[in-house]
Amino acid sequence: MCLAVPARIARIDAPGQGTASYMGSQVKVNLSLVPQARQGDWVIIHAGFAISVMDEKEARETLRLFKEMAAAFPDEAA
Amino acid sequence: MSKISLELGSGGRLMRDFIAGKIVPSFADPLLRDLGDAALLPGGLAFTTDSYVVDPLFFPGGDIGRLAVNGTVNDLVVSGAEPRFLSLAFILEEGLESEVLDRVIRSIRTAAKAAGVRIVTGDTKVVRRGQGDKVFVNTAGVGRSIARPRPERIRRGDKIILTGTLGDHSLAVTLARGEYGLKSGVRSDCAPLLFLLPLWKRGALWMRDVTRGGLATVLSELAERLPYPLLIEEDKIPLSRPVRAAAELLGIDPLFMACEGKAVVVAPAARAGDFLRRIRAHPLGRRAAVIGEVQDRVGRPGELLLRTGVGGLRLLEPLTSELLPRIC
Amino acid sequence: MKPLRDPAALKALLGDIGERARRLKRKPRLMEVCGTHTMALFRSGLTPMLAEAGVEMVSGPGCPVCITPNAVHEAAIAVVTGVEGVTLAAFGDMTRVPTRLGSLQTAVPARGSRLRIVYSPEEALDEARRAPDRPVVFYGAGFETTIPAIAYTVRQAAAEGLKNYAVLPALWLVPPALRAILEAKDVAVDGFIYPGHVSAVIGAGPYEFVAGEFGVPGAIAGFEPGDILLAIRSILDQALAGRPGVALEYSRAIGRDGNPVARALMAEVCEPFDAGWRGLGVIPASGLRLRDAYAGFDAGRRFGLGAATADGGTDPAGCRCGDVLRGVVRPEGCRLFGTRCRPDAPVGPCMVSYEGACLIHFKFGPERRGRG
């Protein structure tokens, strides 16, 4: 039940209310718990509420780390 | 005192128990006992019936009228019969706007024409406001049997073909109700499967349209009747982007979601390539894929297994209860 | 986030994990607290790979459907079957738990009443806004991830004067449950994978006692296969160095401080009490209930339902969900598992929820692999 997904805020519709785009779909998202969130931010959405704003720098860093690890095992590339 | 709950109509276990435990023994008829999508009558006739209670009546990609024609047509097609005649019965709620009924009738006419079936008998009843919900439709269909499904001839190595993406109908209807705050371009796949009919002459062993309960339920029920386990591959199952998104976001599983224009076809191993080419040649079958096979390398007889994207195995069981009511 | 599923990267991490596990004196046993982690581990096929690398995984109590005692599920059923003209809104999984009264799915609602499945608590609030004369009860179940959203609907209903909205709370706090598991000592845990989304709200601080008082390492993890392996590697590193802590291996999504806005909302609307968990019994300050200021929005008080504070209730005869939730037995250790208790005929809630260990083990269980 703690299923949550990352999605980008497509627009702010009203104070505390927005629409996020997720894989081409639009989902209503309540932004009351993340007052600092702006249009274009990536947020973690759980049960229709954004519970966290993602850190793009950290996300890029994680991706870089995994690409490096994968590069060390080139024969396993699937 | 036991009462009927919505769960009984969900396509899940309660419903299967009800049919097997109450309906079949009450009438003890060998034709009924087969529980196929249609009964194969003496004289080369196939006969089926279905009721439609979808809410809302109109949704992207379809409406109750189109569903009432194609649902019954498809039950005949997958039973090896060419659909010919339909009955049409309405149960209308007092106060329904006649314009709404006109739209439904127009849609039925268009769908029947497209499917090449004639509507030859019918009935109309009106119930008091609150005793029904706008429009309920029942259709019965009669077709000419052109081949008999032969599940008993299914062998190791035979292939399972899915004719397109899963779950579009179920999601389209749910989102049309305005539920879950989700919007997408998803459209119901409601369509007649007539293009599959020629496959019967080419040796198709078994077909089933993927409706309530989804692919997992349909194939689990097949697996229960076979001496070999079925194995399907997650990576090969076609999904539309909206269904993929809804599945991740809402935590629902497309393998259990209903379609109204998709079927699974079991093809003899040697003909699978030919079958796939023919299905893909039709606009409604463009995304068809061989998704699995009858095998005995993993699992036990009677089981339906899914090889997950990263190589794990998952056991699939029939749907226990659909959480989305009145989608057909 | 595809690179976090890249087989080459996962293999590299599994290699690191295997190497570290061998250097430890005994085979490490790690608990994944969150049911979503259990699901991710099995779905991705990591469980057997981890076993090969020498790491044993046990599932924890992180499934709200499972740890909610049947007394509460029965109260929800009582609302929809006993009150006329009410909408009971619930998350899908909550509706299938079998009780003495059947489940919400098999229950026949009172005249004019209905069950509605929702994705967001706000859908329930919206229904109350649309029809102010019709009572709407939201069966609000969840951990810290979900509680702020539920608290939001209560505060909002109060602000808007929506007298037809109420919540039947089943709100659970993770850190007190971890303390209960550590103090009970009936399962030796060498490390915890902390739930990423609960931590998005509470942050890392509330787990510090696990390292400080009990010397057990842990790491907060995301839900991609790569996230979980990074967390496991970090836990083993902490164990090898003899320096247990709370590592954050999900920093792209959450900060160490969690979400103070969400916590303030929880504190404004709810207060802790000694709640009874299935399997774990009564744990001090482990549940939340609505504060007196919001008593009018508590469905239990409004409809005179027995307080959901009682003991944990009893599991159905033979059912060992309680032991499974503590990590004391694996699902396969229950005599009902796979025989009398199956997904299409569940006896206990762990076979119902998509986050339930029994359902997940049944679907993906390694003991099924290659049997033929």
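How many residues does the contact take from chain B and how many from chain A? In this predicted model, the contact takes 13 residues from chain B and 9 residues from chain A. Chain A is also in contact with chain C, where 44 residues of chain C meet 36 residues of chain A.

**Chain B against chain A**
- About 940 Å² is buried between chain B and chain A, and carbon and sulfur atoms account for 66% of this area.
- On the side of chain B that touches chain A, strand E9 (182-183) and helix H8 (241-250) each supply at least two residues, and H8(B) contributes the largest share, with 7 residues.
- Strand E3 of chain A, residues 25-30, pairs with E9(B) in the antiparallel sense over 2 bridges, and Gln26(A) has Lys183(B) as its bridge partner in that strand of chain B.

**Chain C against chain A**
- The area buried between chain C and chain A is about 3300 Å², with 70% of it given by carbon and sulfur atoms.
- Of the area that chain C buries against chain A, 17% comes from Tyr119(C), His197(C) and Arg252(C), which is more than any other three residues supply.
- The rule finds 1 salt bridge across this interface; Lys28(A) forms a salt bridge with Asp126(C), and their closest N and O atoms are 3.3 Å apart.
- Several helices of chain C each supply at least two residues to the side that touches chain A, among them helix H6 (121-130) and helix H9 (196-202), but H1(C) gives the most, with 6 residues.
- By class, that side of chain C has 28 nonpolar, 8 polar and 8 charged residues.

Notes. Residues numbered from 1 in each chain as written. Chains lettered and ligands numbered in written order. Predicted model: local features only at pLDDT ≥ 70, side-chain atom pairs only at ≥ 80, totals over all residues. Heavy atoms only, no water. Contact = heavy atoms within 4.5 Å. Buried area = accessible area lost by both parts, 1.4 Å probe. Salt bridge = Lys/Arg side-chain N within 4 Å of Asp/Glu carboxyl O. Helix = DSSP H or I, 4+ residues; strand = E, 2+ residues; numbered from the N terminus. Nonpolar A, V, L, I, M, F, W, Y, C, P; charged D, E, K, R; others polar. Pairing = 2+ DSSP bridges.
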